[in-house]
Amino acid sequence: MAKVKPSTLSLFLLILSFISGGNMIMANGQKTWCVAKPSSDQATLLGNINFACSQVDCQILRRGCPCYAPDNLINHASIAMNLYYQAKGRNHWNCDFRNSALIVLTDPSYANCIYA
């Protein structure tokens, strides 16, 4: 069996992610995160926050908590959606949010806001 270089595999999986609409499970146990699509409208993002936070603890988004800033819908939606995705087992269907989400390979954590 031919061995595939990790960089080639990552590129293939990234392309496959775009072809499949951003919904896929990563092989070999690679960590993945769920984030909001930049093209999502504000009503959709707010709906995603409300849904995800009704299912999982979103306390990390409260004022004064590590993921509050920047205080905007796409940031808060991405964090809430990822909390839901991680809690539900990182299945591609847990990161659909009516086609307003993407599964990413790069850790979106920033400053003191650590994505699970």
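Reader: Why is C65 called partly exposed?

Author: The relative accessibility of C65 is 24%. Buried means under 20% relative accessible area and exposed means over 50%, with partly exposed in between (1.4 Å probe, protein chains only). C65 therefore counts as partly exposed. The model is predicted: local features need pLDDT of at least 70 and side-chain atom pairs count only at pLDDT 80 or more, while totals for chains, interfaces and linings use all residues. Residues are numbered from 1 along each chain as its sequence is written, and side-chain values use heavy atoms, with hydrogens and water left out.

Reader: How do you know that C65 is too far from C67 for a bond?

Author: A disulfide is a pair of cysteine sulfur atoms within 2.5 Å. The closest cysteine sulfur to that of C65 belongs to C67, at 8.5 Å, and C65 is therefore too far away for a bond.

Reader: Why is the disulfide of C53 and C58 called left-handed?

Author: The torsion about its S-S bond is about -100°, so the disulfide is left-handed. The sulfur atoms of C53 and C58 are 2.1 Å from each other. C53 is partly exposed at 28% relative accessible area, whereas C58 is buried at 12%.

Reader: What do C67 and C113 tie together?

Author: The sulfur atoms of C67 and C113 are 1.9 Å apart and form a disulfide, right-handed with 100° about the S-S bond. C67 lies in the loop between α2 and α3 and C113 in the segment after β2, so the pair ties together parts that are 46 residues apart in sequence. C67 is buried at a relative accessible area of 1%, and C113 is buried at 0% relative accessibility. By this rule the chain has 3 disulfides, and numbering the bonded cysteines in sequence order gives the pairing 1-5, 2-3, 4-6.

Reader: Which residues touch the most other members of the largest nonpolar core?

Author: A nonpolar core is a set of buried Ala, Val, Leu, Ile, Met, Phe, Trp, Tyr and Cys residues joined through side-chain atoms within 4.5 Å. The largest one has 23 residues, of which C34, M81 and F97 touch the most other members. At least two residues each come from β1 (33–36), α2 (42–55), α3 (73–87) and β2 (101–104). The largest share, 6 residues, is that of α3. Leaving aside residues up to four places away in sequence, F97 touches C34, N48, F51, A52, M81 and Y84, where contact means heavy atoms within 4.5 Å.

Terms used:
Helices (H or I, at least four residues) and strands (E, at least two) are DSSP runs, numbered from the N terminus.
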